[in-house]
Amino acid sequence: MKVLVTGGAGFIGSHTCVELLNAGHEVVIVDNLSNSKEEAVDKIREITGKDLRFYRVDLLDRRELEDVFAQNPVGAVIHFAGYKAVGESVEKPLEYYWNNIAGTLILLETMRAAGCKKIVFSSSATVYGMDNPVPFKEGYPISATNPYGYTKVMIEQILQDLCHADPSWSAVLLRYFNPIGAHESGLIGESPNGIPNNLLPYIAQVADGVLPELKVYGDDYDTPDGTGVRDYIHVVDLAKGHLAALDYAVSYTGAEPFNLGTGHGTSVLEMVQAFEKTNNVRVPYKIVSRRAGDIAAAYADTSKAERVLHWHAEKGITEMCQDSWKFIQHSR
Ligand code: UFG
C-alpha cells in the first residue's frame, strides 16, 4: 500500500518509515522539518536500500498538501506531525493548538477530498491524566493537564466524531508510552534541539559529557525507590506497532484506541543504573524536587494491543540503552 507519513523525518516517524519499507509498503513523507532534518530521509533510504518520496510541506499549507495527495494516490495516512514538548506548550498554547489541531483538521479535510479515509494517529499515554490507576487501560476516562496533552485529547475526540458521522472512516489512536532507543544501525535516533526534556536523551548527554549531571525529579513518590516509574518502549517495537495498526485500519472501520507500551515500569534510578551498566559509562545525578505535572507511575495494560493487533513489544531495557548510546556515538 502507498502510505503517507506526516512527520516521517522525526524520531518515531523515521523508524516507522523503515518498518513500512521493509514490509513492502510505498512511503510518502510530508514533513516541514521544524524539529527534524532531511538527512533522516537519506538514512531511511540507506538502512532499507529502498526509495521513498519526501515533501517538505507544512500541514497548514492546504494547497501544497492537496498537491501531494493529487500526485500520490495514498491508501492510508500515519499522522505523527505535531509539536510535542509539554513545557513549551504551556508557554505557547496558541502555537500548539494552531499547529496540532488546525494541522490535523486540514489533513483530514484533504484526505476526505482525496477519498482516503484511513488514519493511524500518534496519541500519547498523557491522555490518561493524573487520576487513573496503573496499569492504564484504553477504556479509562481521558483528560489533560497542559496544552500539548489537550491537543492529543482533542484530536482523539475529533477522530471519534468523524468516524461516528461517517462510518466508512477508520482511525487507530495509538497511545504511546515512553519511546526510547534507536535503530540498531545507529543511523537514526532521537536528536532533541537544545537541552533535552526527556529522561533518556538527558542521560545520554550526561554520559557523553555534554551535560554535567542528571537532575532526578523527586525521590519521594509512592514507588519502590521513590523515583518516577515509566513504561519505556524501544522505538523499533513502537514502529512495528504502526504496521499492526495499519493492518487493523485496512480491515475495520471506526475509531479505536490502543496502548503501545511494554506493560513494565522502570524507575528513574533503575534507568540510570541500566544505562551505566549496559554502556560502561558514568551518569552522575542529584535528587531535586518534583517536576510540576509529573505523576508517580505510568505503565500500560497491553492486553488489547496483544489481543486485537496481535502485537507486543519484544525488546528490553538493555537493548534500549545500548541502541540509544550507539546512535549518540554515531552522530558525534
Ligand atoms: N526525569 C528526571 N529527570 C529528567 C527528565 C525526566 O528525573 O531530566 C523523570 C521524570 O520526572 C519522569 C521520568 O523521568 O519520572 C520520565 O520523564 P520523561 O520526561 O522522559 O517522560 P514523561 O513520562 O514525563 O513524558 C513522556 C513524554 C510526553 C508524554 C508522556 C506520556 O515526554 O510527551 O510521556 O506519558 F506526554
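**Close-up views of a predicted model**

**Figure 1. Helix H3 and helix H5 cross at roughly 40 degrees.** In this predicted model, the axes of helix H3 (residues 62-71) and helix H5 (residues 93-114) come within 10 Å. Their crossing is right-handed. H3 brings Arg 62, Leu 65, Glu 66 and Phe 69 to the contact. H5 meets them with Ile 106, Leu 107, Glu 109, Thr 110, Met 111 and Ala 114. The residues of this contact between H3 and H5 divide into six nonpolar, one polar and three charged. Two packed helices are described by the angle between their axes and the distance between the axes.

**Figure 2. Helix H7 meets helix H9.** The axes of H7 (residues 199-207) and H9 (residues 268-279) come within 11 Å and cross at roughly 40 degrees. That angle makes H7 oblique to H9. H7 passes H9 in a right-handed crossing. Which residues in H7 meet H9? They are Leu 199, Leu 200, Ile 203, Ala 204 and Ala 207. From H9 come Val 268, Met 271, Val 272 and Phe 275. The residues of the contact of H7 with H9 divide into nine nonpolar, no polar and no charged.

**Figure 3. There are 20 residues around the ligand.** Of these, Asn 198, Leu 199, Lys 215, Arg 230 and Asp 294 come nearest. Leu 199 also belongs to the H7 side of the contact with H9. Now look at the side chains and the ligand's oxygen atoms. An N or O atom in the side chain of Asn 198 is 2.6 Å from an oxygen atom of the ligand. For the side chain of Arg 291, an N or O atom is 2.8 Å from a ligand oxygen atom. For the side chain of Asn 178, the distance from an N or O atom to a ligand oxygen atom is 3.0 Å.

**Figure 4. A cis peptide bond joins Val 134 and Pro 135.** Omega is about -5 degrees at this bond. Where is Pro 135? It lies in the loop between strand S5 (118-124) and helix H6 (147-165). Most peptide bonds are trans.

**Figure 5. Leu 33 has a positive phi.** The value is about 60 degrees, although Leu 33 is not a glycine. Most residues other than glycine have a negative phi. Leu 33 is found in the loop between strand S2 (26-30) and helix H2 (39-48).

Conventions. Residues are numbered from 1 along each chain as its sequence is written. This is a predicted model: local features need pLDDT of at least 70, side-chain atom pairs count only at pLDDT 80 or more; totals for chains, interfaces and linings use all residues. Side-chain values use heavy atoms; hydrogens and water are left out. Axes are lines fitted to C-alpha atoms, for helices over the stretch in contact, and angles run from 0 to 180 degrees between N-to-C directions. Helices (H or I, at least four residues) and strands (E, at least two) are DSSP runs, numbered from the N terminus. Angles under 35 degrees count as roughly parallel, over 145 as roughly antiparallel, 65 to 115 as roughly perpendicular and the rest as oblique. A crossing is left-handed if the near helix is turned anticlockwise from the far one by less than a right angle, and right-handed if clockwise. Contact means heavy atoms within 4.5 Å. Ala, Val, Leu, Ile, Met, Phe, Trp, Tyr, Cys and Pro count as nonpolar, Asp, Glu, Lys and Arg as charged, and the others, Gly among them, as polar. A residue is near a molecule or strand if one of its heavy atoms lies within 4 Å of it. A polar contact is a pair of N or O atoms within 3.5 Å; within protein, one must be able to donate a hydrogen and the other to accept it, and residues adjacent in sequence count only if both atoms are side-chain atoms.
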